[in-house]
Amino acid sequence: MTAKQIFDDQFSAANLKSIFLDRVSQSGTVGRDGVHPSAFEGNLDREIALIRKNVLNEKYRFTTYKQRLILKGAGKAPREISIAGVRDRVCLRALNNALSTIFTDAKPALAHQYISEIKEYIKPLSDDYSFVQLDVQNFFPSLLHDQLLKRLRSKTRYHKLLHLLLSAIRTPTGTADVNGCGVPQGLSISNILSSIYMSPIDIEAHEKYEYYRYVDDILIICRTENAQANLRFMIRRLAKIGLTCHEPTPGSKTKIETLSTGVDYLGYHLTPAKVSIRKSSYRNIMEALVSVTTAAKYKPSDRRQMRRLNLKITGCFVNGKRYGAMFYFSMTDDIGQLKRLDRFVDRLWKKADFTKYGKAKTFVKTFHEIKYNLATTKYIPRFDDYTVDQMMQFIADLEARDIDEIKNWTEEKVRKTFKKHVKREISDLQKDMSPMS
């Protein structure tokens, strides 16, 4: 298919409607336009027709993105996330799908895939090899529009696609100005655009080193004797496309470490001897567990707290996808960490005087099920397979209601309420499984 055919297919009325129903309708996120997905759905056919008309006439205008700041820790500038309105999210998702189909080599790999590859590569190596880690300053705000357009034109010059894309990245977030650089972070197109932008670097580095890049987290594995030269070369090479690395000073993430010392990368601590959950990610899991028991003090319900705690431990399956920290951290070799988490849960539960509610599930058992029994496990909830009776029990548990009361509801109300609760729970679980620093 040509770029035009791919673009036209993604922006067909049927596909745009499917994108809204599958990817946007269940979100409660509202952009600066104040339109809720439920209101958008009430005028769905008209809204889809409006998107198509303006895109095909090259008159589509994105609404200024809403700004959300994510704190990164003391002394660090917050990460700016751009939140698009409902109509724009539908449009951006179709644009992302088109880009992913045209630029197949630029589709970002899963973080899990990188960890698996690194784990196998370093296992037989010694300190004759080192990790070279590069930390790019202000990655997304530094991407130059002219460089990005050059990469895009290498595979497509379809004007409607390029016009829409430039409109998307030139739309400001909050009150900020856009002056020829920057890709808003948090949009569905952000990661594919960053991969397209970095493609010349990726190709060149793959020919020289064992090289991994997850968005702006770059890791090279090379002979120790060449590590300093390789670090300097990469810093200079990135500077040529407008990207500046943090200096390799003490405490910086731009650094060289022997393999036995290891590095923190994508939520893990990596050495040839052991791959474990990095300390900050481990603390995040513990804080998530504390949040459940803390909330339990204010909303006491045995069934509710046990449901929520067990979900934090096991995660779940929804719409064919896996959610939860243990799914992400199942690459660990450090079972001792998981045993310590289980002891931590026991202490929390006893301290809150909730042992009368029963015994929680365990991280060790969850790990075993993910590694060896994933296809048939009943230990991890599969919400897609829940019967109406199971949905009613789930609602009763989370709302601390009598099940007989919910049995009087219509099936439509049960399903809608169940979906709402599941959405809220997996939203929390998604925060627990981020690989980003």
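This is a predicted model: local features need pLDDT of at least 70, side-chain atom pairs count only at pLDDT 80 or more; totals for chains, interfaces and linings use all residues.
Local features were taken at pLDDT of at least 70 and side-chain atom pairs at pLDDT 80 or more, whereas totals for chains, interfaces and linings use all residues. Side-chain values rest on heavy atoms, without hydrogens and water, and residues are numbered from 1 along each chain as its sequence is written.

Helices are DSSP runs (H or I, at least four residues), numbered from the N terminus. Helix H8 (residues 145-153) packs against helix H10 (residues 190-208) at an angle of about 85°. Their axes lie 9 Å apart. Axes are lines fitted to C-alpha atoms over the stretch in contact, and angles run from 0 to 180 degrees between N-to-C directions. H8 and H10 are therefore roughly perpendicular (65 to 115 degrees; under 35 is roughly parallel, over 145 roughly antiparallel, and the rest oblique). H8 contributes Gln147, Leu148, Arg151 and Leu152 to the contact (heavy atoms within 4.5 Å). On the H10 side stand Leu193, Ile196, Tyr197, Ser199 and Pro200. By class, the contact of H8 with H10 has six nonpolar, two polar and one charged residues. Here Ala, Val, Leu, Ile, Met, Phe, Trp, Tyr, Cys and Pro count as nonpolar, Asp, Glu, Lys and Arg as charged, and the others, Gly among them, as polar.

The whole structure holds 15 salt bridges (a side-chain nitrogen of Lys or Arg within 4 Å of a carboxyl oxygen of Asp or Glu). One of them joins Asp45 and Lys17, at 3.8 Å from N to O. This pair links distant parts of the chain, 28 residues apart. Asp45 belongs to helix H4 (residues 44-56) and Lys17 to helix H2 (residues 13-24). Asp45 is exposed at 56% relative accessible area, while Lys17 is partly exposed at 35%. Buried means under 20%, exposed over 50%, and partly exposed in between (1.4 Å probe, protein chains only).

Arg307 forms a salt bridge with Asp397, with the closest N and O atoms 2.7 Å apart. Arg307 lies in helix H13 (residues 302-314) and Asp397 in helix H17 (residues 388-399), 90 residues apart. Asp397 is buried at 6% relative accessibility. Arg307 is partly exposed, at 22%.

A further salt bridge pairs Arg415 with Glu411 (2.9 Å, N to O). Both belong to helix H19 (residues 411-432). They are four residues apart and therefore separated by about one helical turn. Arg415 is partly exposed at 38%, and Glu411 is partly exposed at 44%. Elsewhere, salt bridges that share partners join Glu399, Arg401 and Glu405 into one network.

How values were computed: Helices (H or I, at least four residues) and strands (E, at least two) are DSSP runs, numbered from the N terminus.
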